[in-house]
Amino acid sequence: MTAVIDQVTSALLEVRDLEVEFDTYGGTVRAVRGVSFEVHAGKTLAIVGESGCGKSVTVQSIMGLIPSPPGRIVGGTAKLRGKEIVDGVTADGEIVRGSRIGMIFQDPMTSLNPTMTIGDQIAETLQVHRGFSHSQALRLAVELLEMTRINEPSRRARQYPFEFSGGMLQRSMIAMAIACRPSILIADEPTTALDVTIQSQILDLLRDLQQENNMAIVLITHDLGVVARMADEVAVMYAGEFLETGTADDIFYNSAHPYTVGLRAAMPTNRDESEQDLMPIDGSPPDLFAPPPGCAYFARCPHAMEACRNDPPPGFAVGSGHMTRCWLHHADCSRRIEDLHYAAAAPLEGRDA
Amino acid sequence: MILYTIKRLIQGVITVWFIATATFFAMHGVPGDPLMTDKAMSEEVRKNLDAHYGFDQPKWKQYGIYIGHMVQGDFGISFAQENRRVNDILWEHFPVSAFLGILAITFAGLGGILFGALTARYRNRMPDIVIMFLVILGISVPSFVFAALGQLALVKLNAFFGTSILPVAGWGTLSHMIAPSLVLGLGTMAFLTRLMRSSMLEIVSSDYVRTARSKGLPTTRIFLRHELRNAILPVVTVLGPSIAAITTGGFVVELVFAIPGLGRYFVQAVQQLDYTVIMGTTVFYGAFLVFMVIVVDLLYGLIDPRVRLE
Ligand SMILES: Nc1ncnc2c1ncn2[C@@H]1O[C@H](COP(=O)(O)OP(=O)(O)O)[C@@H](O)[C@H]1O
Ligand code: SF4
Ligand SMILES: [Mg+2]
């Protein structure tokens with residue numbers, strides 16, 4: 001399957017055929033089932049999909065954060081600049097976790113240690129990875145808070161998480177994650193728990209920091225609006241697989257997978273007339289204890305064919321760097337790809353056509 | 001924090017006053033007259049006592065005299081022991097009880113934190129299963145059973161080695177203190193172990209520990225700075241009630257191990273209906289516990305900034 005994916009050698013991070021399982025009382029959950037992608041310097045890759053499809057598990061396994069037991073990385077590799085990462089460290093001992101790759105999480109309210117000052121929590125990363133003294137690290141922590149646009153940073157650095165608002169906590173998390181100037185920032189639903197106006201400020205901040213530092217961002221979200229605003233490249237995830245990957249334009253204007261089309265139809269926009277056309281996707285994602293033998297989307301797909309039931313579709317290249325996992329793109333398929341685009345392709349907010 | 005401390009102290013004084021009042025009326029409700037003991041009392045003695053305590057006066061006047069004495073820190077004179085002021089009894093025997101209690105609570109606290117962290121670390125594996133079985137024993141078996149079993153074990157141990165490894169009873173040297181304080185702290189330690197275990201399990205899978213790991217911190221640093229400190233908080237909150245449990249447990253342990261502590265005197269005083277000693281020790285213990293709970297609360301504030309800064 002990987003043969004059809006463009007082999008770009010300049011990738012900063014290269015993940016191949018990642019497979020992750022969890023042992024639970026109910027059986028083995030196959031949370032990630034053979035995912036491949038690349039992250040490029042200065043670019044944003046958005047991983048989008050419904051809750052529970054395996055987005056967090058994907059990035060956490062790269063960081064070596066999968067709790068084990070019950071988690072298990074069954075297969076695949078992750079390489080940072082060509083060097084394989086195992087347990088958050090590259091083959092030649094370079095510390096990836098917290099140093100080369102920083103990470104922020106969904107709920108800033110619970111993601112910081114309640115009994116430690118914000119400044120100490122930022123400084124800690126610098127002390128560990130850079131060998132700074134506590135006072136040196138603390139000084140830099142104040143600068144980092146300033147970079148993330150927190151007012152009165154030196155007073156704020158001495159405060160505790162409970163004295164901060166949600167938006168400020170997420171800014172502090174960002175300051176902490178970028179403290180060691182990582183080349184990649186992984187943001188797992190960074191704005192999901194925040195108010196809409198705060199969301200927008202955080203996204204702006206991420207964008208600005210990315211441009212200033214030529215940092216790559218892996219942005220996880222279930223919100224296509226956030227994708228439209230931030231992403232250079234997009235991976236659409238479903239039931240532990242990437243069903244479609246491509247540039248943001250590919251995904252939004254040339255969707256090649258019925259699930260992507262369905263997601264777009266279900267996406268609210270600011271336009272009045274399109275609100276009436278909102279079409280949620282019927283049904284629910286398959287059980288990951290026993291994933292379907294054929295196409296993962298089979299049970300919900302309006303275009304499903306008999307072949308889709310038992311034969312898993314391989315990745316089809318539908319353009320340069322544009323891959324989709326759907327039998328409709330097979331040369332022998334009589335259905336036309338254009339049929340997919342039944343949903344009105346309304347111009348999306350935040351993107352120029 | 002200062003305002004909070006003052007508030008807590010005022011509350012404490014009111015609580016102690018309640019305890020004193022309740023003790024007074026409870027004692028007066030007890031049938032039997034403390035002065036009508038076997039030993040016949042001369043008319044003169046009786047007069048002196050009446051003058052001092054106002055026994056010939058109405059209840060409310062007696063109560064006023066009693067509170068008045070207490071505010072001055074005077075608990076009166078023992079009815080059963082000749083020429084002993086209750087204050088002297090407290091002064092002489094309370095330090096023994098306090099020392100035993102401090103050893104027991106230290107042992108219980110450190111043991112609880114250590115074993116709690118250990119069982120959480122080895123969750124559902126051998127150390128966890130063994131320790132948690134012992135914890136259930138420790139919580140359900142009363143301390144007088146432990147005291148007896150502990151003594152029996154010491155006797156056997158000493159007999160086995162042919163010399164006195166640890167003394168079976170008595171007080172005075174450190175080796176005398178080990179067995180009774182272990183016995184006294186055991187139940188509390190079991191309780192704290194269970195508390196620490198669940199607290200630790202919750203925190204190990206918390207979001208902020210995940211954050212700490214995503215920062216690439218070494219495991220020991222994560223354990224000390226992020227897990228342990230937060231996991232201890234619930235243990236510190238129950239330390240106040242634990243001190244109370246250990247204090248009352250001390251009455252029994254002091255009797256069994258023949259330790260000259262206040263607890264033993266208290267039990268003795270109740271048996272002899274030694275009016276002033278009972279009231280004095282009850283109020284003193286009450287005041288002590290109230291004070292300790294305040295100290296623990298302030299200690300909690302030092303560890304948890306959310307409490308300290310509010
Ligand atoms: N610790 C765990 N134990 C068992 N199953 C897990 C665990 N973490 C994740 N999973 C399973 O993995 C799947 C993917 O989860 P996740 O990556 O968190 O989804 P999301 O796309 O919402 O981030 C879910 O079905 C979930 O049940
Ligand atoms: S492979 Fe078949 S079931 Fe799956 S998305 Fe394509 S058409 Fe639908
Ligand atoms: Mg998630």
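**Close-up 1. The eight-stranded sheet of chain A.** In this predicted model, eight strands of chain A line up as an open sheet in the order β7-β8-β9-β3-β10-β11-β13-β12, and the pairing is mixed. At the edges stand β7 (101-104) and β12 (316-319) of chain A; each has a single partner strand, so one side of each is left without a neighbour in the sheet. Going from one strand to the next, the twist averages 20 degrees. As a reminder of what holds such an arrangement together, strands of a sheet pair through backbone hydrogen bonds, either parallel or antiparallel.

**Close-up 2. The β12-β13 end of that sheet.** Zoom in on β12(A) and you'll find it paired with strand β13 (residues 322-324) of chain A, antiparallel, over three bridges. A handy pair to pick out here is F316(A) and its bridge partner in β13(A), T324(A).

**Close-up 3. The five-stranded sheet of chain A.** Here is an open sheet of five strands, ordered β2-β1-β4-β5-β6 (chain A), with antiparallel pairing. Its edge strands are β2 (27-39) and β6 (89-90) of chain A, each of which pairs on one side only. If you're tracing side chains along it, keep in mind that in a regular strand they alternate between the two faces of the sheet.

**Close-up 4. β1 of chain A and its two partners.** On one flank, β1(A) runs antiparallel to β2(A), with ten bridges joining the two. β1(A) and β2(A) make a hairpin, with two residues between them. Look for V20(A), which stands opposite V32(A) in β2(A). Strand β1 (residues 13-24) of chain A also pairs with strand β4 (residues 71-80) of chain A, again in the antiparallel sense, over eight bridges. In that pairing E21(A) has R72(A) of β4(A) as its bridge partner.

Close-up 5. For context, chain A has eleven helices and 13 strands. Of its 353 residues, 54% are buried. Take the contacts in chain A between residues at least 6 apart in sequence, and 65% of them join residues at least 24 apart.

**Close-up 6. The largest pocket.** This one has a volume of about 1,400 Å³. Its lining counts 35 residues, and those nearest the centre are S68(A), A120(B), R121(B), V204(B) and E227(B). The most comes from α4(B), with seven residues. By class, the pocket lining splits into 19 nonpolar, eight polar and eight charged residues.

**Close-up 7. The largest cavity.** Rolling a probe the size of a water molecule over the atoms shows where empty space is left. Counting those of 30 Å³ or more, there are seven cavities. The largest cavity holds about 170 Å³ of space. It is lined by 15 residues, with Y53(B), Y66(B), H69(B), T276(B) and M279(B) closest to its centre. Two or more lining residues come from each of α1 (2-29), α3 (59-71) and α12 (275-303) of chain B, and α3(B) gives the most, with five. The lining of the largest cavity has nine nonpolar, five polar and one charged residues.

**Close-up 8. The second largest cavity.** Now for a cavity with a volume of about 80 Å³. Thirteen residues line the second largest cavity, and the ones closest to its centre are C295(A), C301(A), C308(A), C326(A) and W327(A). Ten of the lining residues are nonpolar, two are polar and one is charged.

**Close-up 9. S175 of chain B.** S175(B) sits in helix α7 of chain B. Its relative accessibility is 28%, so S175(B) counts as partly exposed. Leaving aside residues up to four places away in sequence, S175(B) touches L166(B) and P167(B). K156(B) is 19 residues from S175(B) along the chain, and the C-alpha atoms of the two are separated by 17 Å.

Definitions and conventions
Residues numbered from 1 in each chain as written. Chains lettered and ligands numbered in written order. Predicted model: local features only at pLDDT ≥ 70, side-chain atom pairs only at ≥ 80, totals over all residues. Heavy atoms only, no water. Pairing = 2+ DSSP bridges. Helix = DSSP H or I, 4+ residues; strand = E, 2+ residues; numbered from the N terminus. 1 Å grid on protein atoms, 1.4 Å probe; cavity = no way out; pocket = protein on both sides within 12 Å on 5 of 7 lines; lining within 4 Å. Points joined across faces, edges and corners; volume = space filled by probe spheres on them. Nonpolar A, V, L, I, M, F, W, Y, C, P; charged D, E, K, R; others polar. Buried < 20%, exposed > 50% of the residue type's maximum accessible area, 1.4 Å probe, protein only. Contact = heavy atoms within 4.5 Å. Axes fitted to C-alpha atoms, helices over the stretch in contact; angles between N-to-C directions.
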